[in-house]
Amino acid sequence: MTPRLKLALEIAAFAAFAFVLSILPRLISDFHTREVAIAGMYYIALLGLGILTGYSGQISLGHGAFMAIGGYATAILSVDHGMSPTWTIPLAGLIAGASGVLVGIPALRLAGIYLAIVTFGIAISVPQLLKKFEGFTGGTTGKYGEGLTSRPPFGLDTSSNHWLYYVTAGISLVLLAVAWAIVRQKPGRALQAIRDSEVAAASSGVSLPLYKTFAFAISAFYAGVAGALYAIANAYVNPDTFQVALSVYLVVGLAVGGLGSLAGLVVGAGLVYFLQFHADTVAGWLDKLPILDLDPKQPGIPSVVFGAVLIVVMLLLPTGAGGLLRRLLRPLTTRLYTRS
Amino acid sequence: MRRGLVICAVAAAVVAGAAGARPLATPGVSSNSIELGGSIPLSGEASAAGNVARGADYYFKYVNDHGGVLGRKISYKYLDDAYDPARAVQNTIRLVQQDQVFGMFNTLGTANNLAIRNFLNDNDVPQLFVAAGATTFGRDYKKYPWTIGYIPTYAEEGRIYGHYILASVKRPRIAVLYQNDEYGRDLLSGLQKGLGKKASTIAAKVGYDPTSSDVQGEVARLKASKANVFMVFAFGKFSLQAFNAVARLNWHPQIFVNDVSSASSLMAIVPQSAANGSISIVFGKDPAAPLWAKDKGVRLFQSILKKYGSGVSSRDLKDGYYVAGMASAFTMVDALKKAGKNLTRAGIVRAATHLNEKNNPFLLPSIVVKTSPTKRFPVTQVRLQRWKGKAWHPFGKLISAQPG
């Protein structure tokens, strides 16, 4: 009885999430829907990273690079080849996923901190490579143009912010469902077994090369889709759009969201967005406190605030938002599970 | 039931009518205020340029304390983009849609301005006095009527060097080090245009990749061409390395260094044996140059900075980025005055394209900031300057940098 109840609860939570997403644009301003959409793109990337790091235990500090690959795939296909940007999104995901396989192969021999270093190297080198092949990528200027602007189809009369929101929310829901299906079934159990002990997993018949590469490919696919959406949102990509810091922010979002929790990542994504674009706003609030002198316009203040907020969040929530959620729901779930 | 429906319909019509009536007012303008927006690197590698926005902001505050513009006070809201075009886009949309600014002013960087140009022109929002040297911002006004540039273009800068070399160097043999992207190639093609038929005097040119770590090997190759003129069309650390390499190789060419790499603070730390005698262009007053030590404009800049800045150091008082920001803020105020009491977005663009400003205290004396609807390059006069005794010394007459 209990697994069924759990399933029912999760489906109900998913339906509630979908419902909230569908009515949200009615409740907030046009610009705020755009902000939620951008946070949604980080959420998609975090879902992928969650599968890789949260479930299979492989650390990647290079997911910004997969976002770059997805973003450039969309930009090049739509600006240079006239494709509709919206339809390039799945292709961008596949291209990023394929590069994820290429990274996943050496990852088989590396673990823990060593893998983190290799993936960090990828985060550093991809923006440089993008500058190098100018004819293909547009060099430092990047790719832009009318072709990269996504407009609502069938003459639908919605603002471009709302259109961006609905596309992102729709894709997020589909990819959340896919991620959820993966982690709660055989692949998810295999990945968790690998995370907990590779030797034990291998001796139980779990193919390490297959599952580890699979985890890399699927998470790179997610990052690629996120990057494609990001390119469409800004109608612009250049190497500075996918700075090394982006990869670090994603790991931060994952830690704040909580390892092994798909729902908690919503909080992680929100924080990544908020701290990047509103660190100055937070600094402005703190500046009003009499004991602090934090003029948000002074060099470095927003970055300091970003760091400080992060430390406080991790002190209060060492297991991330996902851990908090589990703790809050424990009385309810234990009662439900033990009733029958 | 029916009456309820009618009441609802009337209420809806009133709400819709009220909502529909609002766009008549110009966003960001009230009877006593004007809100401008900007996006600038305040963090990351390019954060030194953030002082451009701070300088402009302090100048607006100074103007506000002296009565503002036609009774309106200017507030300038600038957000950090870390030199990332995607963040510049997000900042711009936030400023336009949420904060309802009147227009965008003095956003920095070619890529960042390209990234926001479509959005601003789609929404009829002015993109004023772009702080970037790509020709497109002043040239392509037919497609982007809401955009106008500010500083001289890189292409014109290169052309001016070409002319000067022909006039002043006997039997020139030119070696060019250029950054191999749009910025460096603009300078190079300008140089070739300036040399005209004598373009063959370019004995060697080497483009370096903006991703490379070092250009000393490139400089050695250029020296081997036996050139007597060396063009440094580089950026940041690369021009530092180029000067270092010239000194180490014991090479003594006449060096030309492009404007963006010619900050006094940078020139002061390279080997002076190589730096001495170098030539560049100049259009803003450099507060580090001894010539302007007693100048009214530089004094004004320093008093404004001391009054409105926080934690001002002696280095800040010699920082040309602030002055650059104040120069374009001065032009902005000028345009706002010209646009008149009935301020609209179309009105400010009309004013910005009919400038004839002769008294900008932050630009070199006698520079006239002049624009027309088909000539959207506000600053098109420069002088040459020579580096000597750890300072720049302007020389010669004003030269036109108006794209043809």
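Reply: Let us start with a single residue and its surroundings. A220(A) touches G48(A), F66(A), A96(A), G97(A), S99(A) and G100(A), leaving out residues up to four places away in sequence, where two residues are in contact if their C-beta atoms, placed from the backbone, lie within 7 Å. The model is a predicted one, in which local features need pLDDT of at least 70 and side-chain atom pairs count only at pLDDT 80 or more, while totals for chains, interfaces and linings use all residues. Residues are numbered from 1 along each chain as its sequence is written, and chains are lettered from A and ligands numbered from 1 in the order in which they are written.

Me: Where does A220(A) sit, and is A220(A) buried or exposed?

Reply: A residue is buried if 20 or more other C-beta atoms lie within 10 Å of its own, exposed if 12 or fewer, and partly exposed in between, with C-beta atoms placed from the backbone. A220(A) counts as buried because it has 33 C-beta neighbours inside 10 Å. A220(A) belongs to helix α10 of chain A, where helices (H or I, at least four residues) and strands (E, at least two) are DSSP runs numbered from the N terminus. The C-alpha atoms of A220(A) and F66(A) are separated by 5.7 Å, although the two residues are 154 residues apart along the chain.

Me: How should I read the packing of α4(A) and α10(A)?

Reply: Two packed helices are described by the angle between their axes and the distance between the axes. Axes are lines fitted to C-alpha atoms, for helices over the stretch in contact, and angles run from 0 to 180 degrees between N-to-C directions. Here helix α4 (residues 85-107) of chain A and α10(A) pack at an angle of about 145 degrees, with their axes 6 Å apart. The residues of this contact divide into 19 nonpolar, ten polar and one charged; Ala, Val, Leu, Ile, Met, Phe, Trp, Tyr, Cys and Pro count as nonpolar, Asp, Glu, Lys and Arg as charged, and the others, Gly among them, as polar.

Me: How many residues does the largest nonpolar core have?

Reply: In soluble globular proteins, nonpolar side chains tend to be buried together. A nonpolar core is a set of buried Ala, Val, Leu, Ile, Met, Phe, Trp, Tyr and Cys residues joined through C-beta atoms within 7 Å. The largest one has 216 residues, and those with the most contacts inside it are A45(A), L47(A), V225(A), A226(A), L177(B) and M231(B). Helix α10 (residues 208-234) of chain A provides the largest share of this core, 17 residues. Leaving aside neighbours within four places in sequence, M231(B) is in contact with Y161(B), I174(B), V176(B), L177(B), L191(B) and F256(B).

Me: Which domains does chain B have, and how many residues are in contact between domain 1 and domain 2 of chain B?

Reply: Domain bounds come from an automatic or database domain assignment. For chain B that assignment gives domain 1 (27-152 + 284-382) and domain 2 (154-282). Their centres, taken over C-alpha atoms, are separated by 29 Å. Eleven residues of domain 1 of chain B are in contact with twelve residues of domain 2 of chain B, and the residues on the domain 1 side divide into six nonpolar, four polar and one charged.

Me: Which element of chain B gives the most to the side that touches chain A?

Reply: In this model 27 residues of chain B are in contact with 29 residues of chain A. The elements of chain B that give two or more residues to that side are α2 (50-65), β3 (73-80), α3 (85-98) and α4 (110-122), and α3(B) gives the most, with eight residues. The residues of the chain B side divide into eleven nonpolar, nine polar and seven charged.

Me: What is the phi of A235(A), and what is the phi of K226(B)?

Reply: Most residues other than glycine have a negative phi, and most peptide bonds are trans. Phi of A235(A) is near 50 degrees, a positive value in a residue other than glycine, and K226(B), which is not a glycine, has a positive phi of about 60 degrees. A235(A) lies in the loop between α10 and β2 (236-237) of chain A and is buried, because it has 27 C-beta neighbours inside 10 Å. K226(B) lies in the loop between α8 (216-223) and β8 (229-233) of chain B and is exposed, because it has 12 C-beta neighbours inside 10 Å.
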